[in-house]
Each structure stands twice: as structure tokens, then as C-alpha cells.
Amino acid sequence: MSSETQKILTTDGIPLEESLKKAEKKNKIKAFLLVCPLLLFLVITYVFPIGDMLFRSIDDRMVTNMLPKTYKAMEQWDGKQLPPEEVFEGFYLDYKKLVEEKTFGKLATQLNYEKNGFKSILKKLKRKITKFEEGNYKEQIMAVHKRWADVEYWRALKRRAPAYSYSKYLKGMDMYENEDGKIVQVSEDRRIHKILWVRTVEVAFFVTVFCFLMAYPIAHLLATLPMKYSNLLMICVLLPFWTSLLVRTASWMILLQQQGIVNDFFVWIGLVADDNRPEMMYNKVGTYVAMTQILLPFMVLPLYSVMKTISPSLMRAGKSLGGTPFVAFWKVYFPLTIPGIGAGCLLVFILAIGYYITPALVGGASGTLISNHIAFHMKSTLDWSFASAMGLMLLTGVLAIYWVYNKLVGVDNIKLG
Amino acid sequence: MKKLSKLLLTLTFALSITTSAFAVVVASWGGAYTESQKLGYGDPTAKKLGVPIDWVDYSGGLSEIKAQKEAGAIVWDIIDVFAMDTITGCDEGLFVEFDFDKDFPAAPDGTPASKDFFTSMPSKCAVGNILYSWNYAYNSKNVKGKPKTIKDFFNTKKFPGKRAIYKSALTNLEIALAADGIKPGKGGAKIYKALESEKGIQRALDKIKKLCTDPNGGCVFWSAGAQPPELLMSGEVVMATGWNGRFFNATVGEGAPIVQVWDGQGLDYEYFVLVKGGPNESDAKKALAMMTSTEGLAGSAKYIAYAPWRKSSIDVMKKGEPWYKDGKTNMVPHMPTAPQNTKNYFLVDPLFWADNGTEIGEKWEAMKAGL
């Protein structure tokens, strides 16, 4: 049975299939044009920046191109001892060229990211390099500063040889590739990124939990009260939402500090002694309290919108079928609110993981989170590639959580309203 | 991809350019500080030059100007920056390199500009603006006795109570070593010599750690300049390091019982840089020369307790005392550079921090994490 004999034709002789396709195509184009602005918007504001970030975080061509002769000579070097004369000569020629072109500053900045201390010795070398005599460059360069005789600096130089590398990601996990090509941890007193990652996730997790515990009853109350009370309550929930973030953070500082209002009250009612006031600010307690309050509306709103749709008769039915109030709640009401819980928790968690002003102000010694560190590299050191790498690691983390959530609860179940 | 993002940035910046054409745009830190710059030398210069000067706020760092440059649409002409930023920005080719004595006017007595400024510039792109101090202060109501030296800041036996220190390692390591018995030497050279070695850094970190873990002591880390006077006033801490202008404002401006201690102070600077390829580069260069003239720099000290860079500006102030805007406060004794305040001090070394900042920063954070 061949399909050709069975083709159904329209009145003008075109096969029905094709004519349908044509009509469909028009519709498809129309639909595409309709979503086109949104698509473009997404591509421009999301896909491009993220792509640019990804590219920046692995692109290391600048250093590679600046030192071609050095890296050519370095291919033979095993990284165990100081490099041979050829490497020094190559480096001398490359660097001299950069000095003449006045682009050596960029190299100094880049190499200083890899190993601190490079900047000053490159500057010293720059001043001396014009007076170098021909031959025996190793001696001459090493005479400029004792760090040039330190093999660590040459290893650091070699690590920047590949045009594309994932070393920034390793650095984000306190690791680096040593001269044998093995991935090892940095020295113990510098392992800071791991601490920051753990701390960031911990803060975000607990803030989410606290927000959930506080928002659930509030949302329930809002959903069950008569309209005129619930509106008033809703305004109370939203009011802080409309207040500046810094104002709210500063208010918590006034309330919670050791000489603050809350502590004054505790002393007044005799709960604590005047000279033994508890510390509630500039530590984790302060961070949790302030962040929970600030992010609370993001939990209340999705929960409320879901609870609003749950008919009160369902609970009554549960109870009339013999369940205790708790059983009815647990078996009937709670499962119905899961979409709201999911949305709220994801929202709060994702917001909390990227937060930094509040923890920086109220968190004291433990107030530095990974986003502070990203901002530091964006603004102060200008190491944008490292900042991009850490930003992407953070994004990956969030996506992983989203994926786990999807596996456990199902993303289709999220309900924002 | 890069091209497209460049195009987008260009578009956004093009919009802002059109609004500020012909004016010289200066980016600075905002608040009382920008106010002092505007009143002290911004407005007079604009008047003389016949070109309006617009002040925009920014929060420091070079990321914005780098983004403007990458987008190919620079909107700032002059930026008020930290020393470290002048070095990094100069190396990156963001700023104009000066021919110092040619680009900046001599003092009234004919001393060339390079001799009239307190110290040499950290990079060829920088011109000094103000000197300020990282010193410490205490609330005389909450402290028994009178702390006088930097050692007293670490002496929790004699002066029990919490201390507020800056959130990052900058200047904390220096004062720790100064308090630990290292004589700063000329401009703090000996302190930085000690910090060149791992041992020196460890020694400083241990000193801070000891202070912060001491049951009689303890640390609060501040990040915004307004915090130290606030923490002292609320009684949250008994002593705090901070910027002298903020303490001055609390004492003279608001009458708070805050006393500054100048021993072991760190002198730090603010600089102006001229953006390479800025929208109005030639006017900006002229404006910059006028703003950093003897009269110009002295002008800003009328409104804030930061010292002008030029020695000749101090002479202008001396002749004009009481110089402060309230008409009754003598300003020269409040200057970080006043002789009685600079008996024991160090100059914050921007090259050292540009060189070692990130690694020390990591060690600092690791130390803080263990508190």
C-alpha cells in the first residue's frame, strides 16, 4: 500500500496534508512572532550574559598571547627546579616587548591573580629591563628581586600557559593543579572558599526553614480570616516589603545589639543580668533574625495564594470521617499546600543564597558569604574571570537544588498564585 | 557574543551620555564627603571654568569604569578613588598618565606641585585629593581612664570591653604589629617590611585573633564608615577604629563624648584620576588642575576634617582659622597631618596591598572563620 495512491486532494489539487501544513505554518509564524519579544528579551538579558560569563571564566588567551616565547621555551621544563636559561630569555624578550608597548600592566594584574607578589616584582623588572645586557638573562632577572629565584613564581607562570583553562573553578574550591598535573588543595591557612560555600548554603537553608515555620501559620491565618481582618494583616505582612532593605537591617541592629532595646527589655524584666547581656547581633543569630524577617513575605505570599484556594469543607470532611484535627490537617490540608511550600522555599532559598548586604552588616565575623567574595573580585581586584567562575558555580548550585526539587516534588507542582 | 553585549552596553550608556553632555562628570563617594568636594572646590572651579561639574555617586571599585570602557562609551571624566585602584586602573590603561609638574599648578610660593604634595603618588595616573586617617576613638563615658597609645587598643586588662575593627585586613595588620612592639619607622616602612614575610603576617593575625577571642575583649567588624561612631555611642563597643572625619563629625558636629587617639594612626589617601577617553577630557583636565590647586584643596577642609594633600593648603588654612564652616572651630589641629598627630604613624602602602591583598585577604577570612 503506497501512500501516493491514497493521497487526499483538496479542491485545487494540492494534497490535503500540504495545504494543512501551509495553514499550520502561518499559525506557527504568528505564534512565534508573538513570543519573539520575550524570547529576544531572554536571550539578551539572560543567555548572553551567562554565556559571556562562562566564556570569561575559562578564557585565558590574554596571558598566553602576551608571552609566546616564554611558553614555547617552557614546554621542555618539568617544573621541578628553576627553569633553564631559555625560559628566562624568552620571558625577557616577551616582557621587554610588553614594556615597550606599555601593556605590561595588564600582565602584572593577571599574574598577580595567580600568585600574589607578582605585581611588584614585575614593576621592579620593568624599571631595570631597559638596562639589561645581552646574554645570561637568568642571572640578571634573578638579581632584580629574590622572588624571581623562587620556583613557585615560575610554576605560577606556567599554570597560565593554556589558552583555555578551568583553573578558576579549581580556585573556587580551594584547589589548584600542581606541577605534576595533579589537583591538590591550597595551603590550609588559605582555604577560604570552601568555608564560604558551606556558610552560604547553611545560612540560606536555615533562613528558609525559619521562614517556612513562621510563614505557614501566618498564611493560614490570612487565608481563613474574614476579608476585613485578613486585608489588614496582609498589609502588615507587606509593609516591611515596601521599606528599604537597609532601613530594615539597620533597625534590627538597633533592636538586637547588646545595648539595644530587646536586651534592655530583658534586663528590665530581670531575665538577664545587666553585665551579662546576650549577644544577638554581629553573629549568626543576627543574620538569621534579620534575613528571616526580610524574606518572610516571599514565603507568605505563595503559601497564602495556595491556601486561599483550599476549601474549608475539606478539613471538615476529614474530621467528620473520623480523623483527629491533626490527622485531618496532616492527611488533607498539608498535602494540598505543598505546591505553595515548594514555591516559597525555592524562592526564599534562591534569594537567600545570593544575599549579602544584610549578613555583611549584622553577621560580624561570620557575615562574609560567597556573594561578598564575588563582589570583592568584581569591584576591587577586577578579576572578573574568577568572579564569573564563582558566579557560575553558584548558579550551578541553584540549578542542582532545582533539579533535586523537581525529582522530589515535581516542578509542575509549584504554584505562585 | 562579546560584540553584542558591547552593543547593548553602548546603547544604555549612550542614553546617559546625552543627558550629561558638555559637563565634566566626577564620580565620588557621596554623602558629606561629596558635599565637601562640591562646595569646597567643585562649584568654584565650575564657575571659573564656565563648565558645569556634575557629581555622581558610586560605591568605589573599578568595575563600573571598566564596564564603560569595554562598552566603548565612557560617561565619567574624573573619579575619586583609593590608591590601590589608581595602580590597578593605571596598569589596565583606564586612566591618563600625568606629567605632574606640567599638569598641576605650583604652590603660591612657586614650589612645584610634585614637591608641594605630602608624598609622591602611587602611580603616574594619580593626583592626591585628601589625606584621612585610620585612627581609633573611644567613648569617654564608657571607658575608665584614658587610652593614649595604640597598645591600649589591644590592652583588654586595663580597658576591658569589645572593640570594633574594620572588616578586612587592610590597616588591621599594620596596627596589630605597631601594637605588638614594631616601631613603624619612617612612614611605616618597618611594619611593611615585617609584613613581607609569612611570619610577620601570622604575627599580626595572631594579635588580632587574641584580641577577638579574649573574654574581656571581643570584636565587632564594621563595614560602613558611619558604624564606628554609632557603635561607640550605643555602648556596643568601648573602642573603635575608624575614619577620623567620621569621629570629627560625631564630636564637633553632634557633640558626642568621643575622643580620638592618634597614636599609631594610618594615613591613607584619596586620589583623583582622569579617565582616558572620557566624554570631556580636555575640560576635565583643566578642572582637575583647578580643583587640586592650593586654594581648591584647602576649600574642602572647610566642610570636613580630612587634610588637603598640599602642604601649602595647610598654610592657607592656618591663616584663615577658624577654618571650619561653623566659624569657631580651628581645623588644623584636627588634620591627620598635624604635627602633634603624626608622632607615631604609618602611611598605608597601596603597592603592598595591590601586590598581596588577595592572599592576605584569604588568610584574614580564614582567621575570621575560626573565631
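## Two domains in chain B

Chain B splits into domain 1 (2-131 + 269-332) and domain 2 (134-267 + 343-369), with bounds that come from an automatic or database domain assignment. Taken over C-alpha atoms, the centres of these two domains of chain B are 28 Å apart. Their contact draws on 12 residues from domain 1 of chain B and 11 residues from domain 2 of chain B; two residues are in contact if their C-beta atoms, placed from the backbone, lie within 7 Å.

On the domain 1 side of this contact in chain B, helix H4 (residues 83-91) of chain B gives the largest share, four residues. Helices (H or I, at least four residues) and strands (E, at least two) are DSSP runs, numbered from the N terminus. That side of domain 1 of chain B is made of nine nonpolar, three polar and no charged residues. Here Ala, Val, Leu, Ile, Met, Phe, Trp, Tyr, Cys and Pro count as nonpolar, Asp, Glu, Lys and Arg as charged, and the others, Gly among them, as polar.

## A note on the model

This is a predicted model, in which local features need pLDDT of at least 70 and side-chain atom pairs count only at pLDDT 80 or more, while totals for chains, interfaces and linings use all residues. Residues are numbered from 1 along each chain as its sequence is written, and chains are lettered from A and ligands numbered from 1 in the order in which they are written.

## The overall form of chain A

Chain A has three domains: domain 1 (9-58), domain 2 (61-161) and domain 3 (193-413). Between the centres of domain 2 of chain A and domain 3 of chain A there are 50 Å, taken over C-alpha atoms. The secondary structure of chain A comprises 20 helices and two strands. Its radius of gyration, 31 Å, is well over the 22 Å that the globule rule gives for 417 residues, so chain A is more spread out than a compact globule. The radius is taken over C-alpha atoms, and the rule is 2.2 Å times the number of residues to the power 0.38.

Along the principal axes, the C-alpha atoms of chain A fill a box of roughly 100 × 95 × 35 Å. Of the 417 residues in chain A, 31% are buried; a residue is buried if 20 or more other C-beta atoms lie within 10 Å of its own, exposed if 12 or fewer, and partly exposed in between, with C-beta atoms placed from the backbone.

## Where the chains meet

Chain A brings 34 residues to the contact and chain B brings 35. On the chain A side, the elements that give two or more residues are helix H2 (16-58), helix H6 (104-114), helix H7 (118-129), H18 and H19 of chain A. H2(A) gives the most, with six residues. The side of chain A that touches chain B holds 13 nonpolar, 14 polar and seven charged residues.

## Two helices of chain A

Helix H19 (residues 370-379) of chain A is largely enclosed by the rest of the structure, because seven of its 10 residues are buried. Among them are A:Ile370, A:His373 and A:Met378. Their cover includes helix H11 (193-224), helix H18 (357-362) and helix H20 (384-408) of chain A together with helix H3 (63-71) of chain B.

H7(A) also has buried residues, including A:Phe118, A:Leu122 and A:Leu125. What covers the buried residues of H7(A) includes helix H5 (85-101), H6, helix H8 (137-144) and helix H9 (151-159) of chain A, along with helix H16 (350-369) of chain B.

## Nonpolar cores

A nonpolar core is a set of buried Ala, Val, Leu, Ile, Met, Phe, Trp, Tyr and Cys residues joined through C-beta atoms within 7 Å. The largest such core has 164 residues, of which A:Leu295, A:Ala352, B:Ile78, B:Val273 and B:Val275 touch the most other members. Helix H15 (residues 284-308) of chain A gives the most to this core, with 12 residues. A second, separate core of 25 residues includes A:Leu122, A:Leu125, A:Ile141 and A:Trp148.

Leaving aside neighbours within four places in sequence, the contacts of B:Ile78 include B:Val26, B:Phe272 and B:Val275. B:Val26 sits in strand S1 (residues 24-28) of chain B and counts as buried, with 23 C-beta neighbours inside 10 Å. B:Val26 and B:Asp77 are 51 residues apart along the chain, and their C-alpha atoms are separated by 6.0 Å.
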